[in-house]
Amino acid sequence: MIWILQFTCYNRPKQLFYDPLKMCALLNFGLPKGSLEEPTIKLFGKAGFRITKGSRSYTPCWDDPELSGRFVRAQEMSRYVEDGFFDCGLTGRDWVKENGSSVEVVADLIYSRSSNRISKWVLAVPEQSEIHAVSDLAGKTIATELVNVTRAYLAENEVQAEVEFSWGATEVKVPELVDAIVDLTETGSSLRANKLRIVDVLMETNTVLIANKATWADEEKRAKIENIGLMLNAALEADTKVGLKLNLERSKLDDVLRKVPSLRKPTISSLSDESWIALETVIEKKVSRELIPMLKRMGAEGIVEFPLNKIVP
């Protein structure tokens with residue numbers, strides 16, 4: 001015997017593209033495929049959204065019935081969001097600018113494959129190159145993935161130069177194939193390893209949560225997107241911090257707060273022994289290794305450091 005389950009979804013506006021996977025979901029969410037894929041799944045998990053997928057699947061499974069979506073390259077995401085295939089998605093601010101996409105930028109999310117820092121698109125040349133300013137690029141050839149932004153940069157500086165698209169490994173193309181490159185860097189270590197020198201910074205970029213304009217005008221959908229943005233940022237905020245609890249003699253509190261400025265606006269509670277207090281606060285993760293021994297020497301007891309999942313400012 002074969003059972004056929006038939007159901008209908010109501011109150012969902014018609015989409016520009018037909019996608020059976022999103023017919024009953026409130027939002028069709030675009031997730032970045034590639035280097036951001038695993039960090040994004042991890043970030044969503046910390047924010048309270050469990051995403052699972054097969055090793056070769058482009059369709060994620062969400063633990064939230066209001067969400068569906070696909071994995072696509074970040075370079076293409078803003079176009080799909082603008083056209084209405086996705087209601088919202090994650091991409092780089094650079095690719096929104098490169099594609100000239102008219103979308104709503106909902107939130108900045110400072111994370112990447114290897115760090116939680118802002119990246120830069122830079123103009124770079126070999127260390128021994130005679131190019132020291134953008135004006136020196138006249139008549140030269142530049143390789144980059146960010147073609148439109150680079151051409152706009154040259155136009156702003158009134159420089160005529162050839163810009164060719166690079167499929168990757170851009171650093172190795174100078175000086176034999178091109179005179180200069182425009183490439184993405186976080187620390188500059190890859191450029192230095194290839195004996196390249198930065199001439200100028202074209203733009204800074206980071207991951208952004210973007211939304212389709214029509215979707216953003218829908219109150220229900222907008223509220224859901226804002227909630228997701230808040231929770232993702234809360235998870236990122238907590239990633240660099242830890243909680244700290246300790247007990248301290250009340251008479252030492254003023255001295256501790258004066259000498260340890262990283263204990264900002266702590267919560268202070270009285271203990272059963274009125275001469276002691278309990279102190280609880282949030283600190284930068286990187287300072288705890290110096291702070292905890294200092295607090296111990298100043299008379300703190302019962303010091304507990306604990307991880308945080310989310311911090312909402």
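**Close-up views of the predicted model**

A169 is exposed, with a relative accessible area of 52%, where exposed means over 50%, buried under 20% and partly exposed in between (1.4 Å probe, protein chains only). The model is predicted, so that local features need pLDDT of at least 70 and side-chain atom pairs count only at pLDDT 80 or more, whereas totals for chains, interfaces and linings use all residues. Residues are numbered from 1 along each chain as its sequence is written, and side-chain values use heavy atoms, with hydrogens and water left out. A169 sits in the loop between β9 and β10, strands being DSSP runs of E with at least two residues and helices runs of H or I with at least four, both numbered from the N terminus. Although A169 is not a glycine, its phi is positive, at about 45 degrees.

**The cis peptide bond between V174 and P175.** V174 and P175 are joined by a cis peptide bond with an omega of about 0 degrees. P175 is placed in the loop between β9 and β10.

β8 (residues 141–144) pairs with β9 in the parallel sense over four bridges, and A143 stands opposite E164 in β9.

**Loop residue K195, between α5 and β11.** K195 lies in the loop between α5 (189–193) and β11. K195 has a positive phi of about 60 degrees although it is not a glycine, and at 57% relative accessibility it counts as exposed.

**The antiparallel sheet with β13.** Four strands, in the order β14-β15-β13-β16 and with antiparallel pairing, form an open sheet. Its edges are β14 (267–270) and β16 (301–307), each with a single partner strand, so one side of each is left without a neighbour in the sheet. Here neighbouring strands are turned by 15 degrees against each other on average, direction ignored. Strand β13 (residues 241–249) pairs with β16 over five bridges in the antiparallel sense, and K245 stands opposite V304 in β16.

**The crossing of helices α1 and α7.** The axes of α1 (residues 37–47) and α7 (residues 219–239) come within 8 Å and cross at roughly 100 degrees. The two helices are therefore roughly perpendicular to each other, a term for angles of 65 to 115 degrees, with those under 35 roughly parallel, those over 145 roughly antiparallel and the rest oblique. L43, F44, K46 and A47 of α1 meet I228, M231, L232, A235, L236, A238 and D239 of α7, contact meaning heavy atoms within 4.5 Å.

Key:
Axes are lines fitted to C-alpha atoms, for helices over the stretch in contact, and angles run from 0 to 180 degrees between N-to-C directions. Two strands pair if DSSP finds at least two bridges between them.
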